[in-house]
Structure formats: structure tokens, C-alpha cells
Amino acid sequence: MTTFVVVRGAIPAELSNGKIYVNSSGNRAHHLCACGCGSRVLTPLNRHEWHLTGSDLNPSLTPSVGNWNLKCQSHYWIRKGMIVWAPRWSAAEIAAGRTREQKPYIEDAWMDKAKSWLSRIAEVIFRIRK
Ligand SMILES: [Zn+2]
């Protein structure tokens, strides 16, 4: 059974099975699909996408990895270095999952707008007081 460990530094062109390669800035991770199909899986590491927890010898990648764009359609978690297979998703579930993934970005754009309005209002109030 394949287990995963973290390898940090420049992500190589050729990946090996069982390794999660994390770039030097720590915002990108690549690994070979856990099913063994040899496809490279990209998981951006940030608060909206994936996060890597645990030690480099027992890493956990959250949330699950769903390779809907690959032929294998594999869906799994990496928990404490182990692969935990997840049920396959139907087309409808995949679509719903994609909508959920986009939501934080939309909310962030709204927050940014709200913040800029607030700072403009504060600026106006400040000028009036002067
Ligand atoms: Zn695969």
C-alpha cells in the first residue's frame, strides 16, 4: 500500500509515487495520483483550497482530492500519510462541489469591496471633521 511523505523544495519534473512535493514558498503541492495512474495532481495550498497538516512523515491533505479531470476519477484523502479512498462522486455531486469551492472567492471579493467602501466613508468623515 502506498503511503505519502512530504518532500520540500523545488518541485521536480519527474515525480515519484508516495511523495507530496511542496514548493519552497509552501503554496503549491504536487503528487502522483494515489491510484497509480501516474497523473500529476496539483493542489494549491491556501485557506480556500488545500491545507497540509501533520508532520512531513505523516502528512494529511485536507479536503479530499477529487481527480474529476483525470480518466481514473479517483477520490481520496491523504490522512497521516495513508490513502483513504472516498466514494466516487456522481456528475451532480461534482458540480455541487465545484460551486462550493468557488464560494469563498466570491465572498472574499465582497469583503474587499465592503472594506474599500468603509475606508472611503471613513476618509470622508475625517475630512469633514477637519
Ligand atoms: Zn489516478
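**Burial**

A residue is termed buried if 20 or more other C-beta atoms lie within 10 Å of its own, exposed if 12 or fewer, and partly exposed in between, with C-beta atoms placed from the backbone. By this criterion, 12% of the 130 residues of the protein chain count as buried.

**Basis of the model**

The model is predicted: local features need pLDDT of at least 70, side-chain atom pairs count only at pLDDT 80 or more, and totals for chains, interfaces and linings use all residues. Residue numbers run from 1 along each chain as its sequence is written.

**Overall dimensions**

The radius of gyration of the protein chain, taken over C-alpha atoms, is 20 Å. A compact globule of 130 residues would have a value near 14 Å, under the rule of 2.2 Å times the number of residues to the power 0.38. The C-alpha trace spans about 70 × 35 × 25 Å along its principal axes.

**Secondary structure**

The protein chain contains eight strands and one helix; these are DSSP runs numbered from the N terminus, helices being H or I of at least four residues and strands E of at least two. Their pattern along the sequence is β-β-β-β-β-β-β-β-α.

Four strands form an open sheet in the order 1-2-3-4, with mixed pairing; two strands pair if DSSP finds at least two bridges between them. Strand 1 (5–8) and strand 4 (40–44) are the edge strands, each pairing on one side only.

Strand 1 pairs with strand 2 (residues 19–22) in the parallel sense over four bridges. Arg 8 has Val 22 in strand 2 as its bridge partner.
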